[in-house]
Amino acid sequence: MIRSEARFDAKRKKTDYRKTQFATATYRENDYPHRLSLYDVPPTQEISLEEFETWAIDRLRILAELESCSFRNRSPQETAAHMQPMLKKYLPLSNNTAAAAGQVDQRLKDERRKDHYSHYILRLAFSGTEDLRRRFARIETMLFKLRLEEDDGREKRAFVDSLNLNWDLVTPEEKRALGEELLGATPGIRRLDEENWFKVDWTRVPELVEHRRVLIKKGKAYVPLKEQTSMILTEFTSRLDKGLELTARQLPRLDEDDRLSPILDHLSKNFATPDAGFSDSDSSLAGAAINAANIDALSQHFPLCMKHLHTTLRQNSHLKHFGRLQYTLFLKGIGLSLEDCLMFWRQAFTKITDDTFNKEYRYNVRHVYGDVGGDANRRGRGYSPYSCQKILTEHPPGTGEAHGCPYRHFSVDNLTSMLQATGVHDREVLRGVKEDVEKKRYHIACNRVFEWAHKGEIKKVKDEGIWGAAELDTIVHPNTYFKRSYLLKNLSDAPKQDVRMEG
């Protein structure tokens, strides 16, 4: 039998559809006519890997701080005031105040583009497990609510009108027929002409039904116009939940992308405790005596992890490798010079000779500071101090080791004993710490202790306007803890110094 050459060529050239379905990429530029969005349409334009990571990290800072406000039971007003400077810095989203010829100007487009993309990037990062999806949806709804409530009235109405949410406006005839029932089921309204009502399926407003703020009749909820915000929030959460489930199904397709997978994995880990960068300027404390002789005195400002390392070092005259590394980096971060750090360790290791110290320990300290070694150290910068996230997730301590985070790696009884030994005797604080630890909110437990220990100073800087919300955001770095504690306890010397530890 002789095969047709044409048929053979056609068969040979046939390509798996999975290799061609994205062969011709089609991109659509979003016009972003409104400040707010329900994020129904995924972004399709190209962005750089740097933008991909940076935008996601900026949004993650906002979500983490919002969650922290929730954990600390801040009121909506306190949360809004606290978040405003952070939103302005990391995720601004302006109103349409600079429109030209009916088009949103480039600055607003850039802001909304970043907001759009960062939302979808974090969707990818937090769709892997049900717990992450639930947390992400809850905090994104908090962010959306915060923005919705501060939105300009006219723009808010235009945004709601654009959603086409299929809400049926109750007719005047139906309103009169249900008059007494509507007034009886709607708190705060005394006359029918004071309000209008929408009619929707009751499943779309479960929060209002739960709190008995609407009339339910024949499967429909009669919702007053004043509760429109609640309806929009429910719609936002419902759509986001469905979107996260769809995203979760598509995640396996990203496994082979070695560019995005590491970034998404890093972001999901940071959702437990946000990562924090560190720069040389973060260690500057004007007028502070940071030297080997003063470490014992300065340790009163250390977070619990570093206090534990310092106490263990003084008791045993030694720390194991990861303890020495974590503590040396922290000391470097507070501004201790290489010479003073070498002096500090030599004096602390009282049970060994100078020769042993020089042979086994001196080089490691110099390497951390960037005085010797290659790669990153060639520039003389050395390594950066560990953030809370790094301490929580890397190198858990074993037997005889003192590094790590006491809030995570200690039993509740041992943690309580350590806190009491450092002067924390307030039962309410200890109870709160226990609850935080049980719910794996380790950085919140640490912040709870910090705020209790500095409550007088924090009240002073707030009342006198010395520091704003940005200077008192959630601590996610041991060196932030030290610097903020030092400045608060020495307000007369440096009342207005910037205490943020951001890279």
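Cavities in a predicted model

Q: How many cavities of 30 Å³ or more does the count come to by the rule?
A: The count comes to four, where a cavity is a set of points, on a 1 Å grid over the protein atoms alone, at which a 1.4 Å probe fits but cannot get out. This is a predicted model, in which local features need pLDDT of at least 70, side-chain atom pairs count only at pLDDT 80 or more, and totals for chains, interfaces and linings use all residues. Residues are numbered from 1 along each chain as its sequence is written, and side-chain values use heavy atoms, with hydrogens and water left out.

Q: What makes up the volume of the largest cavity?
A: A volume is the space filled by probe spheres set on the grid points, which are joined across faces, edges and corners, and for the largest cavity this space is about 160 Å³. Its lining has 16 residues, of which Cys305, Cys388, Cys405, Tyr407 and Cys446 are the closest to the centre; lining residues have an atom within 4 Å of a point.

Q: Why are Cys and Tyr in this lining called nonpolar or polar?
A: They are called nonpolar because Ala, Val, Leu, Ile, Met, Phe, Trp, Tyr, Cys and Pro count as nonpolar, Asp, Glu, Lys and Arg as charged, and the others, Gly among them, as polar. By class, the lining of the largest cavity has 14 nonpolar, two polar and no charged residues.

Q: Which residues line the second largest cavity?
A: Among them are Phe322, Lys390, Glu394 and Gly404, and the whole lining divides into three nonpolar, four polar and two charged residues, around a space of about 50 Å³.

Methods
1 Å grid on protein atoms, 1.4 Å probe; cavity = no way out; pocket = protein on both sides within 12 Å on 5 of 7 lines; lining within 4 Å.
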